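Thanks for coming, everyone. I have one structure to show today. Let me put it on the screen.

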Amino acid sequence: MAFQLLPGMQLGVASAPAQIEGGDVDHSWNNWYHLGHIQDGSSPQRANQHWERWQEDIELMQSMGIKRYRLGIEWARLEPKENNWNKEAVKHYRKLLTFMKSQGIEPLLTLHHFTNPMWFEKRGGFTKEENIRAFLRYVSFAVRSFGDLVSEYITINEPNVYATLGYFGGGFPPGENSVLLTSKVMSVMATCHIKSYRMIHRIRSKMGYNDTKVGFAHHARVFAPENPKNPLHISYTVLSKWMFQGALAKACLTGQFLPPLKNISHVPHGQYADFHGLNYYTRSTINKLGDGVAKNCPKNDLEWEIYPHGIVSCAQELYSILKRPIYITENGTCDNQDTFRSRYIYEHLKALCASNLPITRYYHWCFCDNFEWLEGESARFGIVHIDYETQARTIKQSGRFYSEIIEQGGVTERLYEKYVHEEEYHS
């Protein structure tokens, strides 16, 4: 049952600012909470109080042997009002990044992770082409502010999830339900990624750096027909996959915009990623246009199918579009009692390490339990437990397992017996 990590492969953890920082920040998800849309009534204003407890969290990471951390900066903190920049927020993030590096932890910095400042949201956000300028202004400011501390960037996290859940009835802000708006948002965000990719390289080059790496975090899943002999199921599967992830990947990686997306800014064909960022969680079983879950399959606490082999096939599909190193920028599961997370980590890592793909990073989602968007505090994805009332941090069994994988450079028979052997999924 043992396996070694791939040569050069490093394990890290991931987070998003709105999910951990806390504070009364004027962004779209805080507004969504005030409108009463969070299922358990919890607020991003509490979250993990990471804005105050950042040093404690980084020291905990360091104690676990974690050397790679994918973190985000909050646009609404840096630009609370249009073209009005918050120098104190810049100082805070610089302090955090400097301390991380002093602890031997290297950052992968996400510039946009689901949240918009409310001034940008009120202007129509990513539904309007003219707002690209505002996003690029923010990206420019961020890279000039942190470019001496950060060489690797994620421009946008999961543009397809942001667009689909926000503009096609998924319950994310702003709560629209329009196929046309969904396609428009994906087109605008793909354009933002491409223009940001070029801008980040240009700015850091002028700063004297030649080690810049830029990508975007693409949410991909396996799509499978419920009945592989049913022509309708097959057709719906192909269409669902293309609409959700295929067209977007092609646009962001190569500048080739195919229907339903449009090349609104006439960006040229090219290569717009220095690495593939892949967020992988599950498989969708299709019998109509949309999403579905197979019967009698292993599931997590949110009823998502657990399908470890899918992480390899999704990585392979991205690699076939553009030959680049692969970072698993998110992979994890909702396991509120931490009874099967070690098995989940083991099976996904083992599948990756059995592949012949150039997988150089794996960032577990997530470091510690956090504000999980619509689910609020009710869905726990962390390898560190958060007591939201006391804000106490406690390393879970799965966190100790992850730490030992890093230390050992893989999973030994002893680690398997200690952490994985007795764990079982529920169906």
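**Salt bridges, a cysteine and a charged patch**

Start with R393 and D57: their side chains form a salt bridge, at 2.8 Å from N to O. R393 sits in strand β13, residues 392-395, and D57 sits in helix α3, so this pair ties together parts that are 336 residues apart in sequence. Are these two residues buried or exposed? Both R393 and D57 are buried. Keep in mind that this is a predicted model.

Why do such pairs form? Side chains of opposite charge can pair when their charged atoms come close.

How many salt bridges does the structure hold? The count is 24. Let me pick out a few others.

Next, R46 and E377. Their side chains meet in a salt bridge of 2.7 Å, N to O. Again, distant parts of the chain are linked: R46 is in the loop between α2 (28-34) and α3 (50-63), while E377 is in the loop between β11 and β12, 331 residues apart. Now look at the exposure of each partner. R46 has 28% relative accessibility, so it counts as partly exposed. E377 has a relative accessible area of 11%, so it is buried.

The salt bridge here is 2.8 Å, N to O. E305 lies in the loop between β9 (283-286) and α11 (310-321), R283 lies in strand β9, and the two are 22 residues apart. E305 is buried, with a relative accessible area of 2%. There is also a network: E79, E82, R123 and R137 are joined by salt bridges that share partners.

Now a cysteine. C366 is in the loop between β11 (359-365) and β12 (384-387). Its relative accessibility is 1%, so C366 counts as buried. What does C366 touch, leaving out residues up to four places away in sequence? The contacts are A14, F381, G382 and I383. Y69 and C366 are 297 residues apart along the chain, and their C-alpha atoms are separated by 10 Å.

Last stop, the surface. Which residues form the positive patch? They are R144, R198, R202 and K206. Helix α9, residues 179-206, gives the most to this patch, with three residues. R202 is placed in helix α9. With a relative accessible area of 45%, R202 is partly exposed. Patch membership needs over 30% relative accessible area, so R202 passes that cut-off.

That's my tour. Questions, please.

Methods
Residues are numbered from 1 along each chain as its sequence is written. This is a predicted model: local features need pLDDT of at least 70, side-chain atom pairs count only at pLDDT 80 or more; totals for chains, interfaces and linings use all residues. Side-chain values use heavy atoms; hydrogens and water are left out. Patches are made of residues with over 30% relative accessible area and no salt bridge: like charges are joined within 9 Å, nonpolar side chains (Val, Leu, Ile, Met, Phe, Trp, Tyr) within 5 Å. Accessible areas come from the Shrake-Rupley method with a 1.4 Å probe; for residues, only the protein chains shown count as cover. A salt bridge is a side-chain nitrogen of Lys or Arg within 4 Å of a carboxyl oxygen of Asp or Glu. Lys and Arg count as positive and Asp and Glu as negative; His and the chain ends are not counted. The place of a charge is taken as NZ of Lys, CZ of Arg, CG of Asp or CD of Glu. Helices (H or I, at least four residues) and strands (E, at least two) are DSSP runs, numbered from the N terminus. Buried means under 20% relative accessible area, exposed over 50%, partly exposed in between (1.4 Å probe, protein chains only). Contact means heavy atoms within 4.5 Å.
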